[in-house]
Amino acid sequence: MSGAAPSSASVATPPKKPRDLRLDFFRGIAMFIILMAHIPGNLWTLWIPARFGFSDATEIFVFCSGFASALAFGTVFAGKGFLLGLGRIVYRIWQVYWCHIGIILVCAAIAFSINHFEVGEEGRNYLARPYIVPIFKHTGEALIGLLTLTYVPGLFDILPMYLVILAMVPVVMAAHRAGGPQAVFAFVIGVWLLATLAGLAYKVEDDWGGLAAVLAPLGEGLRFLNFPSYPFGRGTWFFNPFAWQLVFFTGFAFAMGWIPPPPVNKWLVRLAAAALILSLPFAWHKLYAYLTGWWPQALGGGFFWDVRETIEPLRSKTWFGVFRYLHFLSLAYLAWVAVGPGGVRLTTGFTARRYDTEFWRRFGYGALGVAILTLPYGWVEEIHRLAPGLERALLVVVPTVPGQWIGLLQILHLAAIVAGVWAALGPTRREAAFGPWFLACVPIIRKVGTQSLAVFVVSIPLAVTLGWLLDLTDRSMLPVAAANIGGGAILITVAYVVGWFRKQPWRGPAPARAPEAGASSVAKRDSGLAGGSSASQPAGALTAESR
């Protein structure tokens, strides 16, 4: 009938907006870096972004969380009203709060178990670690502080920050309703400035001089923005949420369309790259230490060290200094350009630049030569373990290279190995690395990003456990590699398992079952005995009688 109302089955449902490929991909990368950064004594952390610039994986995680929150919560506010949006936020805060409590208790139980069963490194007290001491020495006060978020030790400081920022989302949405994006920007930047002043008032006691000391009195009345992290003495949250909300709501604003995406411009690319390079002498500890030693006294002696100390308030991690923000924006812009519009290169791969065979042959030989020449400096830690003292004889040629950790020649050695391997791959394998190999990794990384909360909850206790296992080894190359690679594999497994649970496969239709042997003949017999009246029998009657 033409005038009949359409059935519910025939009403078209709007297609669900697909997830942004870039969001899950970069958030997944951040989760792997966060795991590595939290493994105690992990030498791989010397290669994470935090060692070479002001910003690190925390900015990636918080920015992506802001972007994801806009998609998950901002759309609820915009489409279903303020009250439902507020309810959605409160529910998420409830989830994250108990995740935070659970993480600390599990890590405390791990530390206690290691000591109790005497399975740790000989002579080490695992209950003496700063983040765990109050739970066992001041249990009552620590539990109250834990539940009230006035006890937020290091290693467990990201989720409390996220809780407070989530609570600010309704305020931001109300500001947008009242005054549009301009009101949001004024609120977010204003709160960040107030938090910065509160930080200056707090840190002036630690000899922050210069302009910081001048501005510190303005923050005296704002000290309440510095939440206490330790109920038994002086301490503040490592991540001040009122400062870190700046990067969170930057991602939020991009996802909501309040900030247009930046254009792809070669001058912007060069400016962003220059910002990253110029930060190296003041961010990478090896470089500014070396340059300070080499800088002529006539030109100021410890110039790079002095500048680094002067700009400390601008690169502060706790109060999210503006240099961290600019460094992250530069890095994010280059990554955004690299993956292409809408993250298209995450589905098509990249194109490897082709050179003639002779070029790659010469390039490979040159890289191999550099790798051989820098071999003692690249493996100084392993040489020290195999033959203690031998590294001093090998490194006497370049005394400015320390016999520990990572120096400039170690970086050169690694670069030479990578370049040599890249040259040896050949054009076909290089194309595969940029194409099929890369594309095979993208879904795995994205899966970790889609389950970021579950993965993060597992990653902290996992990092503590891996640190304990490394204590039982000599922390040489192979055990450290096994800990990092194995830990990454566990995060991937967790992401896929949690993803399976979230699909709730048990709520789907029951799978069809083949009839048992002889069932058809029994059914026919029962039908004949009933005189064909089974069709008129009330549904469920047989079942009721059977019960």
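Contact here means heavy atoms within 4.5 Å. The model is predicted.

1. **Overall make-up.** The protein has 22 helices and zero strands. Of its 547 residues, 41% are buried. Take the contacts between residues at least 6 apart in sequence: 73% of them join residues at least 24 apart.

2. **Ser330.** Start with a single side chain in a helix. Ser330 sits in α12, which covers residues 322–338. Is Ser330 buried or exposed? Its relative accessible area is 10%, so Ser330 is buried; the cut-off for buried is under 20%. With residues up to four places away in sequence left out, Ser330 touches Ala272, Ala275 and Leu276.

3. **Helix α6.** This element deserves a look in the viewer. Helix α6 runs over residues 158–203 and counts 46 residues. How far apart are its end C-alpha atoms? They are only 21 Å apart. A straight helix would reach 68 Å at 1.5 Å a residue. There is also a kink in α6, of about 135°, at Gly179. The proline Pro181 follows shortly after Gly179.

4. Leu149 belongs to the loop between α5 (139–148) and α6. Its phi is near 60°. That is a positive value, and the residue is not glycine.

5. **Packing of α1 on α18.** Helix α1 spans residues 21–38 and helix α18 spans residues 408–450. Their axes lie 7 Å apart, at an angle of about 80°. Angles of 65 to 115 degrees count as roughly perpendicular, and α1 and α18 are therefore roughly perpendicular to each other. By class, the α1 contact with α18 has nine nonpolar, three polar and three charged residues. On the α1 side, the residues are Leu21, Asp24, Phe25, Arg27, Gly28, Ile29, Met31 and Phe32. On the α18 side they are Phe438, Val442, Ile445, Arg446, Val448, Gly449 and Thr450.

6. **Ala454 in α19.** Helix α19 (residues 452–471) holds Ala454. Which residues does Ala454 contact, leaving aside its neighbours within four places in sequence? They are Val494 and Val498. Ala454 has a relative accessible area of 24%, so it is partly exposed.

7. **Arg475, between α19 and α20.** Arg475 lies in the loop that joins these two helices. Its phi is near 55°, again positive in a residue other than glycine. Is this arginine buried or exposed? Arg475 is buried, because its relative accessible area is 17% and the limit is under 20%.

8. **Trp500 in α20.** Helix α20 covers residues 477–502 and includes Trp500. Trp500 counts as partly exposed because its relative accessibility is 47%; exposed would need over 50%. Leaving aside neighbours within four places in sequence, Trp500 is in contact with Pro505 and Trp506.

How values were computed. Residues numbered from 1 in each chain as written. Predicted model: local features only at pLDDT ≥ 70, side-chain atom pairs only at ≥ 80, totals over all residues. Heavy atoms only, no water. Helix = DSSP H or I, 4+ residues; strand = E, 2+ residues; numbered from the N terminus. Expected span 1.5 Å × (residues − 1). Bend = angle between axes of the 7 residues up to and from the residue. Axes fitted to C-alpha atoms, helices over the stretch in contact; angles between N-to-C directions. Parallel < 35°, antiparallel > 145°, perpendicular 65-115°, else oblique. Nonpolar A, V, L, I, M, F, W, Y, C, P; charged D, E, K, R; others polar. Buried < 20%, exposed > 50% of the residue type's maximum accessible area, 1.4 Å probe, protein only.
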